[in-house]
Amino acid sequence: MSLPEIVSRAEWRTAREELLAREKALTRARDALNAERRRLPMVEIDREYVFEGGDGKATLLDLFEGRQQLVVYHFMFAPEWDAGCRSCSAFLDQIGHLAHLHARGTTFAAVSRAPYPKILPFKARMGWTLPWYASPAGDFNLDFEVTLEREGELVERPGLSCFLRDGGRVFHTYSTYERGLDGLGSTTSLLDLTALGRQEEWEEPKGRASALGAPAGSERIRYHDEYDD
């Protein structure tokens, strides 16, 4: 096995400070990229999608659960499969307590093409409580390019899509796929993909930190059992 070089504490400190300067530059570059993402235009969803969940049939607007934003994880689970994708399962395993997203007006849900009676026992086996919906017709997955037609067959790929609600109107703001999911899973990493971001005063563009009519993002952080949703 190839291991790091062994050096003195002083040598390690010098090397660490050099790397820290590059890490800070990357953080600033990431903040700038996130701001550009928030400046992306959005597309109104004018198609009626029908999902199936624990309460029966649902629309895309229903998936918001009354909140202003929705993050959908496109979980690979084809109708003919007996279980969900292992990599997608590992992704959902790392999702934190949803109360922190909810406090920022953001709902997280998974969507798959598998029928709901197949999703339910697998979800129970994995011990997940997050919302998970079936998209039986498959139009949602096809339209958001996570189910692709190749040589006459449908193939799946992992992805994540973000939506914004303005009253009864729903807009698609962002999607990413495959390697674009690397490093995602934490509350802040998911919020960074949305149109409203972390809702902090320092974020660009200005004017979105108070979108929920509440204090800026970090000022709303509580223990997850202290939020009043």
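**Figure 1. Pairing of strands β1 and β10 in the predicted model.** Strands β1 and β10 run antiparallel and are joined by 2 bridges. The model shown here and in the other views is predicted. Glutamate 44 has phenylalanine 171 of β10 as its bridge partner. Strand β10 covers residues 169-177 and is mostly covered, with 7 of its 9 residues buried.

Figure 2. Strand β9, residues 159-166, pairs with β10 in the antiparallel sense, and 8 bridges link the two. Leucine 164 stands opposite phenylalanine 171 of β10. Phenylalanine 171 is also the bridge partner of glutamate 44. The hairpin has 2 residues between the strands, and glycine 167 takes a positive phi near 65° there.

Figure 3. Strand β4, residues 69-74, runs parallel to β5 and is joined to it by 6 bridges. Strand β6, residues 132-134, also runs parallel to β5, with 3 bridges between them. Alanine 110 of β5 can be followed in both pairings: tyrosine 73 stands opposite alanine 110, and alanine 110 stands opposite tryptophan 132 in β6.

**Figure 4. Surroundings of threonine 147.** Threonine 147 lies in strand β7, which covers residues 147-150. With a relative accessible area of 2%, threonine 147 falls under the 20% limit and therefore counts as buried. Leaving aside residues up to four places away in sequence, threonine 147 touches Arg113, Asn141, Leu142, Leu154, Val155 and Glu156. The C-alpha atoms of threonine 147 and proline 158 are 8.8 Å apart in space, and the two residues are 11 residues apart in sequence.

**Figure 5. The salt bridge of arginine 47 and aspartate 139.** Arginine 47 and aspartate 139 form a salt bridge in which the closest N and O atoms are 2.9 Å apart. Arginine 47 lies in the loop between β1 (43-44) and β2 (51-53), and aspartate 139 lies in helix α6 (residues 139-143), so the pair ties together parts that are 92 residues apart in sequence. Arginine 47 counts as partly exposed at 40% relative accessibility. Aspartate 139 is also partly exposed, with a relative accessible area of 30%.

Figure 6. Side chains of opposite charge can pair when their charged atoms come close. Lysine 206 and glutamate 204 meet through their side chains in a salt bridge, at 3.8 Å from N to O. Lysine 206 has 51% relative accessibility and counts as exposed, whereas glutamate 204, at 33%, counts as partly exposed. Elsewhere, salt bridges that share partners join Arg47, Asp139 and Asp143 into one network. Arginine 198 forms a salt bridge with aspartate 192, and the closest N and O atoms of that pair are 2.8 Å apart. Arginine 198 and aspartate 192 are both buried. The structure holds 12 salt bridges, the pairs described here among them.

**Figure 7. The whole chain, for placing the close-up views.** The chain contains 7 helices and 10 strands. Its C-alpha trace spans about 60 × 50 × 40 Å along the principal axes. Of the 229 residues in the chain, 45% are buried. Among contacts between residues at least 6 apart in sequence, 62% join residues at least 24 apart. The chain exposes about 13,100 Å², and carbon and sulfur atoms supply 51% of that area. There are 29 positive and 37 negative side chains, and the centres of the two sets lie 4 Å apart.

Terms used: Residues numbered from 1 in each chain as written. Predicted model: local features only at pLDDT ≥ 70, side-chain atom pairs only at ≥ 80, totals over all residues. Heavy atoms only, no water. Salt bridge = Lys/Arg side-chain N within 4 Å of Asp/Glu carboxyl O. Helix = DSSP H or I, 4+ residues; strand = E, 2+ residues; numbered from the N terminus. Buried < 20%, exposed > 50% of the residue type's maximum accessible area, 1.4 Å probe, protein only. Pairing = 2+ DSSP bridges. Contact = heavy atoms within 4.5 Å. Areas by Shrake-Rupley, 256 points an atom, 1.4 Å probe, with all protein chains shown as cover. Lys, Arg positive; Asp, Glu negative; His and termini not counted. Charge placed at Lys NZ, Arg CZ, Asp CG, Glu CD.
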